[in-house]
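This report describes selected features of the structure shown below.

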Amino acid sequence: MPLNCSSLATKVPHTLGGLKTTDTATTIHVGGGGFFNLFNKTHQNNSLYIASLSLNKSNSSQRYCLSSSSSFVMEDTKDVGFSTLEPGKYSKELDIAVRAVQMACFLCQKVQESLISKTTSQVQAKDDNSPVTIADWSVQATVSWILSETLGSRNVAIIAEEDVQTLSKADSAGLLEAVVQTVNDCLAEAPRFGLKAPGTSLGCSEVLEAISRCDSTGGPNGRFWALDPVDGTLGFVRGDQYAVALALIEDGEVVLGVLGCPNYPMRKEWLSYHHRYHRIISKLTPPTSESWDKGCVIYTRRGSGEAWMQPLIQGHKKLVWPNSATPVKVSTIENPALATFCEPVEKANSSHSFTAGLAHSVGLRKQPLRVYSMVKYAAIARGDAEIFMKFARAGYKEKIWDHAAGVIIIQEAGGVVTDAGGRPLDFSKGMYLEGLDRGIIACAGAKLHEKIIRAVDASWNSSSL
């Protein structure tokens, strides 16, 4: 799924994962779905030089060959596997969204380290007693500022989870100061992520304005972003799994989604352990410079038929596209006996007793994978699990920012997401998923999804939900 690759002039090391070398050609993958075949290889210090790559509909049948002078020669061809998705559609928005989520994950990692290392006043309680941290407000301010600056504030509408009510109170001056400092520290790193930093540090009023700018009410018409700055704040506070979720919705349909999962282990067996255990083992087995231990950003756009994953930017490295991106696909498992299913950690968020009975009736043998946040959607998209079921308590209304990015990522990775009645989730009714039939079911494939839907119908009347 190629992002905005125009005006790209860079030197690509021969040893990077984005290069695939054969006896006759070197293929460079540029994002997702587009490949450049480089013939007549010329090496200078073990590097290949790329200049001004541009993907667009009109040149989709042309080959770029690297001549001995390190310049591109364009040749007509019909067999090069370019993506059939119109390259310009949402490419700029997706490029910016991925970079913004990378920055947000960088911010969250810093704050989570602080939360784990010492007791601070960074955690507050909302009206519904759910936790909120300086990371929630800081990410919302940061992403809001980036989208507005890069796309134009008049062109950006955002619906998001947090508001400025707590931060605006007279006794919250210290909290607001911490948020402002966190935002400015993050934005100062913007050039590392290929984005422009503010000319001067933002003040309190500018940070509050960026947060309060996320006041869209959604709906069936127009374009708006749905942002969950820290999905799974309880997991975040506990040093466990959480996600940064950003989606673009146009005329009621999710058209792109980005999920940042800073603590997602690359070895799927670690998902069933608390993240603290993973940190301990990681320290006992120091990573090599080439290892990808944890943390990723998964992204897609509507109609691409593919989803992509890239590692988080670590240390002082810069984001150089496509940042070792690799495709992700859902599992091919169709037998429930072999499938792994995910559900929320907290019993208040979903009925564990109902899903346990349902799992037994459909033949699921494995223990459920209980994970905080939209990391569950990432697990299915990556093929680490096959089923996600959520049946909330009576009266609870699902919010669109808790699902939008994850839903489109699973769908484009080959999976299916519906309500328990088999209907697509409706993102056109405002901030809530109105008309939801009982619960949400996401599966790796259509056949498995059908089996789960039938089992829900058979078990529902005997449940107490």
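In this predicted model, Cys 204 is partly exposed, with a relative accessibility of 39%. Cys 214, by contrast, has a relative accessible area of 9%, and because that value falls under 20%, Cys 214 counts as buried. With a disulfide taken as a pair of cysteine sulfur atoms within 2.5 Å, the count of disulfides is zero.

Thr 332 belongs to the loop that joins β16 (326-328) to β17 (341-343). Its relative accessible area is 74%; since this is over 50%, Thr 332 is classed as exposed. Phe 354 is part of helix α7 (residues 352-362) and is buried, at a relative accessible area of 8%. The table lists the C-alpha to C-alpha distance for each of these residues and its partner.

| Pair | Separation in sequence | C-alpha to C-alpha distance |
|---|---|---|
| Thr 332 and Ala 444 | 112 residues | 7.0 Å |
| Phe 354 and Lys 390 | 36 residues | 9.8 Å |

The axes of α2 (residues 134-151) and α3 (residues 173-187) approach within 9 Å, at a crossing angle of roughly 45°. At that angle, α2 is oblique to α3, and the crossing is right-handed. On the α2 side, the contact is formed by Ile 134, Trp 137, Ser 138, Ala 141, Thr 142, Trp 145 and Ile 146. These meet Leu 175, Ala 178, Val 179, Thr 182, Val 183, Cys 186 and Leu 187 of α3. The residues of this contact comprise 11 nonpolar and three polar ones, with no charged residue.

Helices α8 and α9 form another contact. The axes of α8 (residues 375-382) and α9 (residues 404-412) come within 9 Å and cross at roughly 5°. Why is α8 described as roughly parallel to α9? The crossing angle of roughly 5° lies under 35 degrees, so the two helices are placed in the roughly parallel class. From α8, the residues Tyr 377, Ile 380 and Ala 381 take part in the contact. Their counterparts in α9 are Gly 406, Val 407, Ile 409 and Ile 410. By class, six residues of the contact between α8 and α9 are nonpolar, one is polar and none is charged.

Conventions. Residues numbered from 1 in each chain as written. Predicted model: local features only at pLDDT ≥ 70, side-chain atom pairs only at ≥ 80, totals over all residues. Heavy atoms only, no water. Buried < 20%, exposed > 50% of the residue type's maximum accessible area, 1.4 Å probe, protein only. Axes fitted to C-alpha atoms, helices over the stretch in contact; angles between N-to-C directions. Helix = DSSP H or I, 4+ residues; strand = E, 2+ residues; numbered from the N terminus. Parallel < 35°, antiparallel > 145°, perpendicular 65-115°, else oblique. Contact = heavy atoms within 4.5 Å. Nonpolar A, V, L, I, M, F, W, Y, C, P; charged D, E, K, R; others polar. Left-handed = near helix turned anticlockwise from the far one by under 90°.
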